[in-house]
Each structure stands twice: as C-alpha cells, then as structure tokens.
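The exercises below ask you to read a sheet, a pair of helices and a single residue from the model. Work through each task before turning to its solution.

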Amino acid sequence: MGTAASTNADTSSHGSEDHAGGQLYVSLKMENYKLKGELVPHVYGSAPLVGSWDSSKALSMERESTFMWELSFVVPPNHETLDFKFLLKPKHGNVPCIVEEGPNRQLIGGTLQGDQDSAMFKLSGDEILEYKVFIKAHRVSPFDLAASWRAYQENFQRSTVRGIPDVSIASDTEAANEIGSQASLELDIEHYVVPAPSSANSGPVYAANMTETPRSLARTGVFSRNDSSLGSSHSQKDLGASVDRPGGMEVIVPETAKLSLGSGLVESKSVGTFSNMQKQEGHRGLFVDRGVGSPRLMKSSSSSAFAVDVKLGSESKNSMPAAAGAVAAGAVADQMLGPKEDRHLAIVLVGLPARGKTFTAAKLTRYLRWLGHDTKHFNVGKYRRLKHGVNKTADFFSGDNQEGIEARNEVAALAMEDMISWMQEGGQVGIFDATNSTRKRRNMLMKMAEGECKIIFLETLCNDRNIIERNIRLKVQQSADYAEEYDARWPDFEAGYQDFKVRLENYEKVYEPVEEGSYIKMIDMVSGNGGQIQVNNISGYLPGRIVFFLVNTHLTPRPILLTRHGESRFNVRGRIGGDSAISDSGELYAKKLANFVERRLKNEKAASIWTSTLQRTILTAGPIGGFPKIQWRALDEINSGVCDGMTYEEIKKNMPEEYESRKKDKLRYRYPRGESYLDVIQRLEPVIIELERQRAPVVVISHQAVLRALYAYFADRPLKEIPHIEMPLHTIIEIQMGVTGVQEKRYKLM
C-alpha cells in the first residue's frame, strides 16, 4: 500500500492565490442499502487526515442516516493533496478489516482525481459489496472557522442562571442591595417618556370608529359632513371590488313570517324555537381543541409563500389563514370536511346598548387577525350614522317608530351584504356588530347568510348596574351620536346622558334573548369576576378557539410592560440566537429597570415578572424584587436553527440562498431546523390568553422577535408588518388595557 504523503499545496496545480480565500472543508460520504452485519466504513491515509496507513488507526465514519455514513474535516492550505482509502471493519475492533479495491484516492485542491464515485469491497468468496461515494469540498475563511468554534465553545459554557427555579420571588431587601446609586433613575419616570410610533394609540379610542368603512355607502357618496372622523384604519384601496345594487340604495328586507319556516330552518326540539339546519352533526356544548402538534406546511419551490397541497375547490380562494401549526391544521380540516358555507364565519353580536358589544367585537377581531385569519369588524351604527346622520334622538330607536325600524333594518342589511361580498372575495371571519335585539332581525340576517357563511350569535348580557352605568357614560363621552361637534342638540353631557337612557329603555321593551341557531351567551363576564358562558351547537376548530378566548377576557384595567432583555454579549458582536449573558451595559439596564418597576408599580397590590428560559432575560429580571418571577419557554427567542450564533453577514456569505429567502418574506421564512415568525405566533397564543386573563400588572422581559409578535397583537398590526416592527433595546413599552381599549406609552431608560 505504501506510505503516500500529502503534497504541499504550493507545489500543486493550485497557486497560492487560490489559498488566500481560506481552508478546505471536506465532506466524505458513503451510502449502501445492503448493510453487512456490524461493519462500519472507516478512512485512513496521509496527513493531515490520519497520517498513517495503519488500519488500526483508521478514522470511523459517523452514521448520518440508516444507509449513509459521513466524515468531515478541515484541510490546511499546505496539505491540499490527500491520499486516502476507505475500509470496512467493526467499530470496536480490527478484525475483519476489508480495504476497498483499486488504487489510492487522491483529493487535490478539493477535487477528486479520476472517476471514483463508488467503493468496491471484496467479501468472503466472490461476493462484492458496493458503496456509493460522495465527496464535497468548500473553501472556508479561517475567521469563519474561528467564529464557529467560538460559538460552539460558548454553547457549552455553564449558564449563569442554573439553579434558579421556574417560579421564584426575591425579597425587596435583596433587590435593593443589587441596585447601586449609578443605576437609580435620577428623574421622575415621566421624564423618560419617548414618542410612540404614529400607528400606536396613545389615548382612548372609540372602538366603533375603527371598524370597517361601509363601502356600499362610500360607493354611492353617502357621507355626512363629519365622515372624516368616522373613518377606519382600512383604506378604500383595500376594500376590494364593489358589488352593484340595482336602484342605488334599495334593499329588500324579508318578512319574518317568510323566514321562520323557510328553507334551511328547522324547529329545535330542545328550546322550542327555530335554528339553522346543520348539514353536519355538531357537538352540543363547549368544544375546545387545544392541539399542540402541527404538521409543517410545505414550501412551494417556485415561491417563498407556503402552500397547502389539498384540493379545496375554487370557492375557497384566499380562505386559508396566514398561519402555521394548529391554526393551519384546523383550517385545513374545516375546509376539507365542513360544508361550503362553514368556510366563512359570521359572528353576529346580540345585546342591549352599553353591554360591551363593540369592545368585545374589537378585541375578538384583533385576536383572530393576529392568529392569521382575515377578519373584519362591521359596525351597523357606523352605517346608520353615514346613511341617516348623527342627529337621531331616542325616538328613532323606539319600537313604535316604524320608519325608524325600517331605516335601521335597511342599514343592517347593507352591512350584511357588504360583509358577504367581502367574504366572496376571500374574507374569512366577519364580526357583525349591532344590537340585533329581536328575533325578526336575526331571522333576516340568517336568511341573507344562507349558503354564504355560517352564523354564530354572540350575546352579551350584563346585570351589574355599576358596569352598565360606567358603559353608558363612556358611550355618551365617546360616541359620535353625542359628540358636541356633531350636533348642537347635546349642549352638555347630561342632555346626552338622559337621551341615551331613554334609548336604552326603548331597546329593553322589545329585546328577545337568543334561543335559535348556534350561539354563545356571555353572562356577566366583563367584570372578570366569574360569570357564565353558555354555548349551543358550537363545533369546529375556530368556533372552539373563539369560545376559549372569550372565557378568558375581561375589562379590568391593568398595565402590561414589554421590554427586551438588557444588551447581551451576542448583541455586542452582532450574533443572533444563542444563550449569552448580558454585557456591562445590559447589567446597568437591569438595575435601572428594577428601579423603574419599583416606581411604576408601587401602588399595585400584585404583579408578576415573566421571562424566557434564556439567561439574558433571567439576568435582566434579577434585580427586580418583591414580585414573583415566572419563566416561560414560549417566550424564548425565535429559534434560528443552523444559523444560531451567526451574524447576518456570515449568513449572507455562507448561506446566500437562505439569506435571500428570509429577505423576501421574513414572516413565513423558517430558519433551517428553526422557526418562522408564524411559528412564534402559534407558541405565543397561550401567553396572549394568559395576559388577557390576568387582572394584575405583568412585566414581560423577552426578545425582539417575540415582543414584535406580542406588540402586534395589542396594537392590531397586520401580520406582514410584524418582522419589521421596531423593538429597541433598553426601552419599555407600557400597554394599558381597559374599557377604553388599548393605549400605549414608551419609556427610554438608556
């Protein structure tokens, strides 16, 4: 066999100029589908691979899969010519030892000489065993190798937070000892306030004003002189194609008598009323699917967008949510197995005024959009104000005012028609916000929805007079019906207040509770102190999700503080992922944050601190005392997979295809063996539910991608914007939740 030695690269056909780019990374692979006993492929040969032709010193190849073995190594520039051979022998012995047939293999400058894409081994007798051989070589910068080795070594460093339990409480005394005078805030916390993004809500917002702009009225030019203040965040450009109506605004409102026994309605034996005929047997009672496992959506080879390989028919155009995991799995199942009209869902609010319908609708809209469902909120009151003006007194809402009833039914039909038209264009979930207080009105809506969408009634009932009184006052203060700039009829708050009380009495006289169809009843749920939720004929993934969300929501005001960890050592180096400790600057922020939390929450009876399981967030929370600290695996940074520990420049240089794929669609891009932003949203849903359920303040110390997703939920930002939301270090975002919606304030401590 001889003692072939490696050749100095400078004497090879490759000049020194070729080696300036770095060293060779070589990968040797062998594949065989007819394995023989315990024989393991090995490699032996010249330096620097082995440096010996002694078979007992041969290097064992590692099993990459059932039929594939691999060995990789780095070749220095002065040894770019290698002599080697493959051999088979037991992993822990030298007998039998079978060397491949043929001459030595030569690898010169990363290129295998000759045509040797297979290795032949002669076994006992005349039996020949053949392995397929794959040899690849790439030139790697020594600086990249050093950075990879450093990151590899850092991954094995002992965490500085080992031994800290998942739930812990530090005393105020311990925390005070940790905070030096340098770290204390010199000024009142209000001096650290910085402007929030222009898209954020910094003050109370009337929820009805943020609903869908009535395109049927916009198309015909029916706007009041004050329509600009009633606009929504959705531009007319996004409203889609309009649907022509013969005769302009003419709408035919069906008679109740023709609806109650019409097609698709059957008498419900359980409640003695009429309900929609179900094409598929539904579950009675509460149905909640808390699925965790999720099949991975496949990525189209011709596009960066994800596709689902199922035949759903042309009518399901754009009806799949922009989601991954459980949401995508549930949507696919509903698409394949459910009736056609179930592919679109209408949540129809029912309830007296001042019961929190619009607030509930806005919160549900925000939640469903965040999960990836194309959802819009249609407020009938907004249609009424645009069509008939804002100067309507309580008499307009009287059950004895036939003209008022027809006018209100007209705008309800317009809103329903707009919602159905939007669903035909690809919309998934419509929230229909109105009192819908009579069975006649609800039957009209069910008739219009036949064959188009599935209706679930969501009734809000409240018997707490204090809450009702508070809601009435907020309504008069915020509603366009009573704003002074709209009408001089309401010279002061008291005049509007008395008129609204009369309007409420008019509705109470004709109100009929929901007893038909699929429905969810929320009874005294808004206070967060218990209450009841009743469900009837609810089935399917999304309706079950909606019920679970509603069970956990309430109107109790409380702040939620979002902040990134203090600057980490990886932040300093520009590296992503990892589990590095915080830098000196990060330690200073941790102490300032503790001082801020102490001042901001000093009057709160209870609060909690949530962190991820990574040490940079746990260390940032360390100086905070007096509150329980809870570690959430769900709050860990987005998993960057094989890119963990790299800089974006290294990814661009070494993995250009991955870099470009991420650049094209950061929302859906999934790191190899890692996560996408859609994956992060899925694992954050339990966090959102718990934040909604909490009645005390919460401080969330997490990471950039995770906080982008959480912030997008509260700020109702579109999914496509999530990867681009600014989330600076050493900044606190205060989200104030309560009856007036969601407001935001930002503090920059460093």
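A crossing of two helices is called left-handed if the near helix is turned anticlockwise from the far one by less than a right angle, and right-handed if clockwise. The model is predicted, so that local features need pLDDT of at least 70 and side-chain atom pairs count only at pLDDT 80 or more, while totals for chains, interfaces and linings use all residues. Residues are numbered from 1 along each chain as its sequence is written, and side-chain values use heavy atoms, with hydrogens and water left out.

**Exercise 1. Describe how helices H7 and H19 pack, and which residues meet.**

Step 1. Helices (H or I, at least four residues) and strands (E, at least two) are DSSP runs numbered from the N terminus; here H7 covers residues 357-371 and H19 covers residues 677-693.

Step 2. Axes are lines fitted to C-alpha atoms, for helices over the stretch in contact, and angles run from 0 to 180 degrees between N-to-C directions. H7 and H19 pack at about 160°, with their axes 11 Å apart, and the two are therefore roughly antiparallel (the term applies to angles over 145 degrees).

Step 3. Their crossing is right-handed.

Step 4. Contact means heavy atoms within 4.5 Å; on the H7 side the residues that meet H19 include Tyr367 and Trp370, and among their counterparts in H19 are Leu684 and Ile688.

**Exercise 2. In what order do the six strands of the open sheet lie, and which stand at the edges?**

Step 1. Two strands pair if DSSP finds at least two bridges between them, and the order is S19-S20-S18-S21-S22-S23, with mixed pairing.

Step 2. S19 (375-379) and S23 (532-536) are the edge strands, because each has a single partner strand, and one side of each is therefore left without a neighbour in the sheet.

Step 3. Within the sheet, S18 (residues 345-350) pairs with S20 (residues 429-433) in the parallel sense over four bridges, and Ala346 has Gly430 in S20 as its bridge partner.

Step 4. Helix H9 (residues 402-424) packs on this sheet, touching S18, S19, S20 and S21 (454-461), and its direction makes about 170° with that of S20.

**Exercise 3. Is Leu691 buried or exposed, and which residues beyond its sequence neighbours does Leu691 contact?**

Step 1. Leu691 is found in H19 and, at 1% relative accessibility, counts as buried (under 20% relative accessible area, with exposed meaning over 50%, for a 1.4 Å probe and protein chains only).

Step 2. Leaving aside neighbours within four places in sequence, Leu691 is in contact with Arg558, Ile560, Trp610, Val698, Val700 and Phe714.

Note on methods. Parallel < 35°, antiparallel > 145°, perpendicular 65-115°, else oblique.
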